[in-house]
Amino acid sequence: MKSVQRILAVVRKEVRQLRRDRLTFGMIVGIPVIQLLMFGYAINMDVRNLDAAVADLSSTSASRQVVMDMAHTQIINVIRQVDSADELEHLMRQGRISVGIYIPPDFDRRLQQADRSAMQLLVDGSDTVVQGAAAQLAQVTQQSRTSPYNDRPPVMELRTYYNPERRSPVNTVPGLIGVILTMTMILFTAVAIVRERERGNLELLITTPVRTPELMLAKITPYVFIGLIQVSLVLLLGQFLFKVPMAGSLLDTYIITLVFIVANLALGLLISTLVHTQFQAMQLSFFVLLPSILLSGFMFPFAGMPRPAQIIAEALPLTHFIRLIRGVMLRGASLQELSGELLILCGFIVALMALAILRFSKRLD
Amino acid sequence: MTELAIRAQKLDKWFGKVHAVRSLDLEVPRSRIYGFLGPNGSGKTTAIRMLCGLLTPSGGDIDVLGYPIPEEAEALRLKVGYMTQKFSLFGDLTVDENLQFMADIYTLDRKLKAQRIGLVIERYGLGKLVKQRAGTLSGGQKQRLALAASTLHDPELLFLDEPTSAVDPENRRSFWEALFDLVAEGTTILVSTHYMDEAERCHALAILDEGTLVAEGSPEELQQGIDASIVLVESDQPRRVGKMLEQQPFVHSSAQVGNVLRVMVASDLESPEKAVAEAITNQGLHLDYSRVAKPALEDVFVAATRAKKGKA
């Protein structure tokens, strides 16, 4: 009970201070709006090593040849052989593959029929760069049909899933939620404790009976709501300006966002216990922010990055959030299908929060 | 219940290679104002921070209100108040919001909270300021607010770290009256200062210099026990006379106050005023008068810090 009274006291104080801090208040709304407008346009990049699965139902030398040709381009990296188109779709919704190659049982016969496409390429359209790469793949297979004219239907029919019109805001906006939250949540909390240290408030606070976990919890609570406000703002604007679809459930979107917000706040708290000035806190925040934007899969597909970059990316909460939010918003995946990534984010929260509480000492030395 | 509020033995604190507090022994009785007197950097703040558990001592034992410190610092927090040197309440909250916050942090129940806040607002004259942001208060108002906040939970022991450094003399005077009110109610107060007039108001004093306790006692005891004599000298060339006197082996120090020189000399002289007068006239300098004066606390402070340097 006493603990609750102390936590509420700190929360109330934080909210009051926040309301009077016009700059921070402006950032809560300003950052999402500006970012959303800025990133309305996407950047296309060459890609390699997209994870792919093959459902080769004809299993003839011709079909194997086509798959090998495509693999030789190094655009795809075949990781699974499956038995049906359904399995391909399932893998794609889980986010395990970006490209699915479906070769029907009558592939050889279709190859001879100039008016039909012989096979299908299933592409995860929730990433525009992947779509571009797939178009290249379609070119490869065109050569296997010998024809003097170029006016024949293509060997392969390209089917883009989840974003058939290939509009980049559709891919950008969900990821942008993550980038905005990383930017604001880490920064706000990173300066929260350091600012009190600089102003001398901390010397007062640590002489009071308030306990470290209470202080930490109370410090992040107001920002959880601020984060949710930002998410709503981006979702609304995304819908209104760019017609970003919502394939999955809105509740799921908020659940994964909430988990991600708390992970970022915990990271911000940890930063604030590591530094001595607000300036250092900002530097360290940007040290996290930059790799988050570049390596998380927000700007460049994860699959195209070299191994060391991928390892770093796995250690960033944003990487996991991007997979989650694209899964839910664009592919309509359920939380069960994405539970692995969600668990990883929860792991981040526990570890970061524990470290922050351990690092924060109610002593001055 | 012990009669002592604070007992510290052989308290030491190192910051890297800096020995900030050196083997400090301390006994502070209850319901008294106990002063730490010393220049900046003498270890006053460090000692106070160790006593309330904010700094871990490098060595020694501390007992505050029966709690071993720093081990039971958390339990102690409910019974002590601490007023920091720098104003440390929230400048962007109003006076009332700051007091509400502190009352909640000390988990006062609703009834007691309203009662205590009403009491300190009245006692420290904050009535007209309750809606004002703390950051816009004057030095004296801030200090009254800080005292109000640190006494909201009715602490048994109050630590005040240079509480009046940003306050004019009139406010300082009323501040000390408020402290004596608290003592009358049974509160023990440990206050650090570098002002002599403040130190004189304490029941007992510890004079600190470079982390060492150089003298201890009530202001009167300290003044009587001084190991030096004070001679007042007036001359038409006080600067020259003062410089000349400081060269004399029996003279400890000389300080000018207006046209008068306050000269500290060795205590074993039979007639200190004559010895000083002779030294001046021997040099062919003019002398109006020289006479022995009662030592002031400042003299005690100078003598004590000088004696320590002599030994070193």
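Which residues are exposed on the other side of α3(A)? The model is predicted: local features need pLDDT of at least 70, side-chain atom pairs count only at pLDDT 80 or more, and totals for chains, interfaces and linings use all residues. Residues are numbered from 1 along each chain as its sequence is written, while chains are lettered from A and ligands numbered from 1 in the order in which they are written.

Helix α3 of chain A covers residues 61-72. Helices (H or I, at least four residues) and strands (E, at least two) are DSSP runs, numbered from the N terminus. Ser63(A), Val66(A) and Met70(A) are the buried residues of α3(A). Buried means that 20 or more other C-beta atoms, placed from the backbone, lie within 10 Å of the residue's own; exposed means 12 or fewer, and partly exposed lies in between. Seen down the axis of α3(A), the buried residues fall within an arc of 60°, so they line one face of the helix. The arc is that of the directions from the helix axis to the C-beta atoms. On the other side, Ser61(A), Gln65(A), Met68(A) and His72(A) are exposed. Gln74(A) follows α3(A) and has a positive phi, near 65°.

In chain B, four strands form an open antiparallel sheet, in the order β12-β13-β11-β14. Strands pair if DSSP finds at least two bridges between them. The edge strands, β12 (251-257) and β14 (289-293) of chain B, each pair on one side only. Strands β11 (residues 229-234) and β13 (residues 260-265) of chain B are joined antiparallel over six bridges. Here Ser229(B) stands opposite Val265(B) of β13(B).

Note on methods:
The expected span of a helix is 1.5 Å times one less than its number of residues.
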